[in-house]
Each structure stands twice: as C-alpha cells, then as structure tokens.
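Have a look at the structure first.

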Amino acid sequence: EVQLVESGGGLVEAGGFVRLSCAASGFILREKAIGWFRQAPGKAREAVVCIRDGSEWYRDGERGRFTVARDDAANTVFLQLNRLKPEDTAVYYCAADDLLCSDQMDYWGKGTLVTVSS
C-alpha cells in the first residue's frame, strides 16, 4: 500500500523549532519529487519546500529558517522549522509525485498539526 505518514507536530513556543517527519511506504521516496505543504486555519494550502532531482526550493525567504533532509535508508524525509512564528501555525503535509511538485501531487499524507504559541 502506498502511504505517507507525517509526525512530529505539536505545540511549540514562538522562537522554538520542530522537526517533522514524513515516512513513506509502498514506493521509494528518493525517486520522487517531494513536497511539504501547509494549511493555516481559514487559509489555502501553500507550498513550503520542494525537493526534486537533487534541487531544493523553499518558500520565499524561508531557506535557512526551514531545512529539509532525507534519510534514504528509512525512506523518510524531514522538515525542520526553526525560529517559529505564530503565523507558522498550520497543518503540515508531505506529498510525493513521479514528476514535480504541485498542488496535484500523486500521494499525500494526512498531515501533522504545528501550533506556535506567542
């Protein structure tokens, strides 16, 4: 069964950090384009990070504050969010696709909630 499972969310104080995990099963994650997305309450889902063909794309201005890593042996990708702000509060999703990152990627996890307190 093809599956993506996110974990690592929770309640974090502003200025802190959180490390999210996305574990894949049923396919090899490194062979896919991988995206992290988030959806804040009352807002549209937005792309945060994309990894494709060895390149990384970060949402405007977030490279450095957000970092992505991959553990191929564990078939898992990580997203670390640093210097968290209340506006980072959202459900964070990972997604995978054969070709590229977009709002229509092939596989999606159910998300993990990150809540940043001020």
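C22 and C94 are both buried (under 20% relative accessible area; over 50% is exposed and anything in between partly exposed, using a 1.4 Å probe and protein chains only). This is a predicted model, where local features need pLDDT of at least 70, side-chain atom pairs count only at pLDDT 80 or more, and totals for chains, interfaces and linings use all residues. Residues are numbered from 1 along each chain as its sequence is written, and side-chain values use heavy atoms, with hydrogens and water left out.

C22 and C94 form a disulfide with sulfur atoms 1.9 Å apart (the cut-off is a pair of cysteine sulfur atoms within 2.5 Å). The two cysteines sit 72 residues apart, C22 in strand β3 (residues 18-25) and C94 in strand β9. Strands here are DSSP runs of E, at least two residues long, numbered from the N terminus. The S-S torsion of C22 and C94 is about 65°, so this disulfide is right-handed.

## The other disulfide

C50 and C101 also form a disulfide, again with sulfurs 1.9 Å apart. Its torsion is about 85°, so it's right-handed. C50 is buried at 13% relative accessibility, while C101 is partly exposed at 23%. Counting bonded cysteines along the chain, the pattern is 1-3, 2-4.

## Strand β4

Six of the seven residues of β4 (residues 33-39) are buried, so the rest of the structure largely encloses this strand. β4 runs antiparallel to β9 (residues 90-97), joined by seven bridges, and antiparallel to β5 (residues 46-52), joined by five. Strands count as paired if DSSP finds at least two bridges between them. In β5, C50 is the bridge partner of G35.

Terms used: Helix = DSSP H or I, 4+ residues; strand = E, 2+ residues; numbered from the N terminus.
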